[in-house]
Each structure stands twice: as C-alpha cells, then as structure tokens.
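Please keep the sequence and the model in view while reading.

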Amino acid sequence: MTTIELLRQYRLGPYAIFDLTISFVGIYLLSPILSWLFSKINLSITRVSWLLLTLPLGILIHLAFNQKTQMVKDFLNPSGNYLLKIAILILTVIALSKIKYISPK
C-alpha cells in the first residue's frame, strides 16, 4: 500500500478526507492569486467565496476532464444524493452572492 492509498483510506462517508482537505488547503493558498487575477476583470472575490466554491468548482473541473470521482457520480445520479446536490447548490449561491463587481476607474 502506497502512502497516498494509506491517506485515502480514511473517509467521511464515501469521500476521502485527504482529498477534501487538500482541495480546501489548495484553494486557501491560491485564493490571493486567484482574487488578484479576477480583479483584473473587475471582480472582487474574497477568500471565503473561493472556499465556498471549492466543491462546486471541483465538480465542474472533474467533469471538464471526464474524471468520474465518487462525488461527481453522486452529484450526477438523477435518483438520489439530494443532500449533496442541495449542499452544492447552497454553496454556489452563497459564494456567488458575495462576489462584487468593481467599477473601473
């Protein structure tokens, strides 16, 4: 068993705690750079918004690269996993409500 397999064996339901943690830490560390980049197109996105968008963006990115992770499968399942779908929707709405347009000077 490799180190990554060892770390991924700890789960919160069907989701690996290691993967979720790495995603949130990565967005936390990248959020100042991402916010700076988006400020160039007059959008103000806070670190909190980036953290709230971590799971929705993760699903979109995995779909774009055709990676069928467990969360993507659960999200796309038409006959279940409603709690996940509601949570993703709520996270998206809250994060998008915090994004502000900056008028150019």
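Buried denotes a relative accessible area under 20%, exposed denotes one over 50%, and partly exposed denotes what lies in between. The model to which these terms are applied is predicted.

Confidence may be considered before any detail. The chain has an average pLDDT of 95, and 100% of the residues score at least 70. Within the chain, the lowest confidence belongs to helix α1 (residues 3-8), with a mean of 90, and the highest to helix α3 (residues 47-52), with 98.

Setting aside residues up to four places away in sequence, Ile17 touches Tyr10, Arg11 and Leu12. Between Ile17 and Leu7, ten residues apart in sequence, the C-alpha to C-alpha separation is 8.3 Å.

Ser49, a residue of helix α3, has a relative accessible area of 0% and is therefore buried. With neighbours within four places in sequence left aside, Ser49 is in contact with Ala95, Lys98 and Ile99. As for Ala95, its backbone oxygen lies 3.5 Å from a polar atom of the Ser49 side chain.

Attention now turns to helix α4 (residues 54-64) and its surroundings. Thr54, Pro56 and Ile59 are buried in α4. The buried residues of this helix pack against α2, α3, α5 (70-76) and α6.

The packing of α4 with helix α6 (residues 82-97) can be described geometrically: the angle is about 110°, and the axes are 8 Å apart. Angles of 65 to 115 degrees count as roughly perpendicular, and α4 and α6 are therefore roughly perpendicular to each other. Which residues make the contact? On the α4 side they are Leu55, Pro56 and Ile59, and on the α6 side Ile88, Leu91 and Thr92. By class, the residues of this contact comprise five nonpolar and one polar, with no charged residue.

Asn66, which follows α4, has a positive phi, near 55°.

Technical notes: Residues numbered from 1 in each chain as written. Predicted model: local features only at pLDDT ≥ 70, side-chain atom pairs only at ≥ 80, totals over all residues. Heavy atoms only, no water. pLDDT = per-residue confidence, 0-100. Helix = DSSP H or I, 4+ residues; strand = E, 2+ residues; numbered from the N terminus. Axes fitted to C-alpha atoms, helices over the stretch in contact; angles between N-to-C directions. Parallel < 35°, antiparallel > 145°, perpendicular 65-115°, else oblique. Contact = heavy atoms within 4.5 Å. Nonpolar A, V, L, I, M, F, W, Y, C, P; charged D, E, K, R; others polar. Buried < 20%, exposed > 50% of the residue type's maximum accessible area, 1.4 Å probe, protein only. Polar contact = N/O pair within 3.5 Å; in protein donor to acceptor, adjacent residues only side chain to side chain.
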